[in-house]
Amino acid sequence: MLADNHVHLEKGPYTLDWLEQFVAQADRRGMEELGIVEHFYRFVESKPCLYNDRIAPKQTQHLEAYLELMALAQQKGWPVKTGLEVDYIPGKEDAIRKALKGLPLDFVIGSVHWLGDWCFDGDPESWEGRDLEAVYREYYDVLAQAVESKLFDVLGHPGNIAYFGHRADVTAITRIENEWLARIKRHRICIEVNTGGLLRPARSLFPRVDLLRRIRIANFDISFASDAHAPEDVGHAFAETQQLVKQINFNCACRFRRRKPRLVSI
Ligand SMILES: [Zn+2]
Ligand SMILES: [Zn+2]
């Protein structure tokens, strides 16, 4: 059975009623476990790790409210795990480490949504006039640094640079991805298979299937992620994706408790 390890509650309040809608959908879709990951940038506590004019108005929540809700759900025996999706920003490693220290988390996803002060999945017009190959090169460099930082249990949606469908020449992308894989190969991090991109402009799994094949060959473990922001999207396209990853020879997926991974057969 599967776990969906990437679900956001952020469109509703931190209440058991709201969380229960996600848990009920996970149950309907046959999921055994649900990993909630709020975007860390929503919390005032994230300011030392990411702060700019665009993000500042969104930094209004307090971690305590989220963590209390998750502790309550776990006490009730609900099959939920507590996570965060943290934006990786080069140079902010110490701030991130300090902010996460001692938090009662089951796992932390490290994601790249920013290249410098550019949030590349925010506005398609911000892509106008950019050199796509240079963008891909920078993205995979930052994605490698995210792995090398050792701050995270899971690497979020590799390939989401194609969020709006912008793609450099396929030979160039493949070369850049292979260099990235060679660079991170010796690190032990779980890489997520994120179905959320299928519902977004890219209409693609992140990572794309051909990259996922190379990730398998490089011997990384995976976890399943819907990136749902609404209850109905929990476990979206997991049945097909499960078949696909089995064809690629993945037999297990990661689950987490108190930041320790465990492989469960799929
Ligand atoms: Zn993300
Ligand atoms: Zn997410």
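Leu 34 touches Ala 3, Asp 4, Val 7, Phe 22, Val 23, Ala 26, Pro 79, Val 80 and Val 234, leaving aside residues up to four places away in sequence. Two residues count as in contact if their C-beta atoms, placed from the backbone, lie within 7 Å. This is a predicted model: local features need pLDDT of at least 70, side-chain atom pairs count only at pLDDT 80 or more, and totals for chains, interfaces and linings use all residues. Residues are numbered from 1 along each chain as its sequence is written, while chains are lettered from A and ligands numbered from 1 in the order in which they are written.

**Overall build**

- The protein chain holds seven helices and eleven strands. Helices (H or I, at least four residues) and strands (E, at least two) are DSSP runs, numbered from the N terminus.
- The radius of gyration is 17 Å, close to the 18 Å that the globule rule gives for 266 residues, so the protein chain is as compact as a globular protein of that length. The radius is taken over C-alpha atoms, and the rule is 2.2 Å times the number of residues to the power 0.38.
- Along its principal axes, the C-alpha trace spans about 50 × 45 × 35 Å.
- Of the 266 residues, 42% count as buried. Buried means 20 or more other C-beta atoms within 10 Å of a residue's own; exposed means 12 or fewer, and partly exposed lies in between, with C-beta atoms placed from the backbone.
- Among contacts with a separation of 6 or more, 78% join residues 24 or more positions apart.

**The sheet**

- Seven strands form an open sheet in the order β1-β2-β3-β4-β7-β8-β9, with parallel pairing. β1 (2-7) and β9 (222-225) are the edge strands; each has a single partner, so one side of each is left without a neighbour in the sheet.
- Two strands pair if DSSP finds at least two bridges between them.
- β1 pairs with β2 (residues 31-39) over four bridges, in the parallel sense. Across this pair, Ala 3 has Glu 33 in β2 as its bridge partner.
- β3 and β4 are parallel partners over five bridges. Leu 84 is bridged there to Val 108 of β4.
- β4 and β7 pair in parallel over two bridges. Gly 110 stands opposite Leu 155 in β7.
- β8 and β9 run parallel, joined by four bridges. Glu 192 has Ser 223 of β9 as its bridge partner.

**Helices and crossovers**

- Helix α1 (residues 16-28) lies across β1, β2 and β3 (80-87), at about 145° to β2. Axes are lines fitted to C-alpha atoms, for helices over the stretch in contact, and angles run from 0 to 180 degrees between N-to-C directions.
- β3, helix α3 (residues 93-100) and β4 form a right-handed β-α-β unit. Right-handed means that, with the strands pointing away from the viewer, the path from the first strand over the helix to the second runs clockwise.
- β7 and β8 pair in parallel over two bridges. The chain goes from β7 through helix α5 (residues 170-184) to β8 in a right-handed β-α-β crossover.
- Another right-handed β-α-β unit consists of β8, helix α6 (residues 209-217) and β9.

**Core and buried strands**

- The largest nonpolar core has 70 residues; Phe 22, Leu 34, Val 86, Phe 152 and Ile 222 touch the most other members. Helix α4 (residues 132-148) gives the most to this core, with six residues.
- Such a core is a set of buried Ala, Val, Leu, Ile, Met, Phe, Trp, Tyr and Cys residues joined through C-beta atoms within 7 Å.
- In β4 (residues 107-111), five of the five residues are buried, so this strand is largely enclosed by the rest of the structure. Phe 107, Ile 109 and Ser 111 lie on one side, Val 108 and Gly 110 on the other.
- β8 (residues 190-194) also has five of its five residues buried, so it is largely enclosed by the rest of the structure. Cys 190, Glu 192 and Asn 194 point one way, Ile 191 and Val 193 the other.

**Leu 155**

- Leu 155 sits in strand β7 (residues 154-155). It counts as buried because it has 25 C-beta neighbours inside 10 Å.
- Its contacts are Gly 110, Ala 146, Val 147, Ile 189, Ile 191 and Glu 192, not counting residues up to four places away in sequence.
- In β8, the bridge partner of Leu 155 is Ile 191.
- Pro 48 is 107 residues from Leu 155 along the chain, and their C-alpha atoms are separated by 21 Å.
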